[in-house]
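I have opened my notebook for a first walk through a new structure.

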Amino acid sequence: MSLRLGDTAPNFTAETTEGKIDFHEFLGDGWGILFSHPADYTPVCTTELGTAAKLKGEFDKRNVKMIALSVDGLESHKGWVNDINETQSTTVNYPIIADEDHKVSELYDMIHPNANESQTVRSVFIIGPDKKIKLIITYPASTGRNFNELLRVIDSLQLTANYSVATPANWKHGEDVVIAPAITNEEIPSKFPKGHKEIKPYLRTTPQPNI
Ligand code: BEZ
């Protein structure tokens, strides 16, 4: 059965470009992002891994450990990392899982046989400090992901984990948020001292509470 939001992210051990890991130990008490790549030495994946490396400081700021996966072997990964560093003007600074036996990609349902029988699609799993899956995104091999969008989503996940709010369409860090429907009007002043606007009884906004 495929994984769904709220499920515990399955644990595994794997060889990576930074040594053998136990996934849950690797995540520790923080957040994690696990993202798969169809294969080594492919053009879109090369740009994605380079982009992710350049943004590692932003993931670190949010206490999010990054880990990539590709279904090729460790020696192949090591050679490819040299190419990524050279062509993307960066240094890959997070582990890449060598999932030659498809153990992890099958555990996380990253191979969609009607798209490709042996390569993974571009899966993204964001995992909270409680090891529960907070977000799943699936892109086809032909479309590179937007890593700034992943950071935006993490900002929303981390905010909504701590406050009774939700983030509206296209929301970005610093913009007003939506008050959760479960909050009564009487509770608003104590929970949202920065004030609020009632556009409709079910659509109430407030300044982002954690800035
Ligand atoms: C790529 O990363 O460029 C790619 C991988 C598989 C299929 C198509 C593109």
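Below are my entries, in the order I made them.

**Entry 1: getting my bearings**

I began by reminding myself that this is a predicted model. I then looked up the secondary structure, and the protein chain has 7 helices and 11 strands. Next I checked the overall extent: along the principal axes, the C-alpha atoms fill a box of roughly 60 × 40 × 30 Å. I also wanted to know what share of the chain is buried. Of its 211 residues, 45% count as buried.

**Entry 2: around the ligand**

Which residues surround the ligand? I found Pro38, Thr42, Pro43, Val44, Cys45, Gln119, Arg122 and Ala141. I sorted this shell by residue type and got 5 nonpolar, 2 polar and 1 charged. Then I looked up where the shell comes from, and helix 2 (residues 43–54) gives the largest share, with 3 residues.

I went on to the polar atoms facing the ligand. Thr42 uses its side chain: a polar atom there lies 3.0 Å from an oxygen atom of the ligand. For Pro43 I noted a backbone N or O atom at 3.2 Å from a ligand oxygen. Val44 also takes part through its backbone, where a polar atom is 2.5 Å from an oxygen atom of the ligand.

I stopped at Tyr41, which sits in the loop between strand 3 and helix 2. Its phi is positive, about 55 degrees, although Tyr41 is not a glycine. Tyr41 has 45% relative accessibility, so I list it as partly exposed.

**Entry 3: rings**

How many aromatic pairs are there? My count came to 7 aromatic pairs. I took Phe12 and Phe23 to begin with: their ring centres are 4.6 Å apart and their planes meet at 15 degrees, so this pair is stacked. The two lie 11 residues apart, with Phe12 in the segment before strand 1 (13–16) and Phe23 in helix 1 (residues 23–27), so the pair links distant parts of the chain. Both Phe12 and Phe23 are buried.

I moved to Phe35 and Tyr94 and found a tilted pair, with 5.9 Å from centre to centre and 55 degrees between the planes. Phe35 belongs to strand 3 (residues 31–37), and Tyr94 to the loop between helix 4 (74–88) and strand 5 (96–98), so the pair ties together parts 59 residues apart in sequence. Phe35 and Tyr94 are both buried.

Which residues do ring pairs link into a cluster? I wrote down Phe12, Phe23, Tyr108 and Phe125. One more ring has a charge to go with it: Lys65 lies over the face of Phe26, 5.1 Å from the ring centre.

The side chain of Thr206 reaches the backbone oxygen of Gly195 at 2.6 Å.

Gln158 is part of helix 6 (residues 147–162). At 18% relative accessibility, Gln158 counts as buried too. Its side chain reaches the backbone oxygen of Arg62 at 2.8 Å.

**Entry 4: the loop between strands 8 and 9**

I ended in the loop between strand 8 (165–166) and strand 9 (177–179), where I found Thr167. With a relative accessible area of 22%, Thr167 is partly exposed. I checked its distance to Leu157, which is 10 residues away along the chain, and their C-alpha atoms are separated by 9.1 Å.

Asn170 has its place in the loop between strand 8 and strand 9 as well. Its phi is near 65 degrees, a positive value in a residue other than glycine. At 67% relative accessibility, Asn170 counts as exposed.

Technical notes: Residues are numbered from 1 along each chain as its sequence is written. This is a predicted model: local features need pLDDT of at least 70, side-chain atom pairs count only at pLDDT 80 or more; totals for chains, interfaces and linings use all residues. Side-chain values use heavy atoms; hydrogens and water are left out. A residue is near a molecule or strand if one of its heavy atoms lies within 4 Å of it. A polar contact is a pair of N or O atoms within 3.5 Å; within protein, one must be able to donate a hydrogen and the other to accept it, and residues adjacent in sequence count only if both atoms are side-chain atoms. Helices (H or I, at least four residues) and strands (E, at least two) are DSSP runs, numbered from the N terminus. Ala, Val, Leu, Ile, Met, Phe, Trp, Tyr, Cys and Pro count as nonpolar, Asp, Glu, Lys and Arg as charged, and the others, Gly among them, as polar. Rings of Phe, Tyr and Trp (its six-membered ring) pair if their centres lie within 6.5 Å; planes under 30 degrees apart count as stacked, over 60 as edge-to-face and the rest as tilted. Buried means under 20% relative accessible area, exposed over 50%, partly exposed in between (1.4 Å probe, protein chains only). A charge sits over a ring if NZ of Lys or CZ of Arg is within 6 Å of the ring centre and within 35 degrees of the ring normal.
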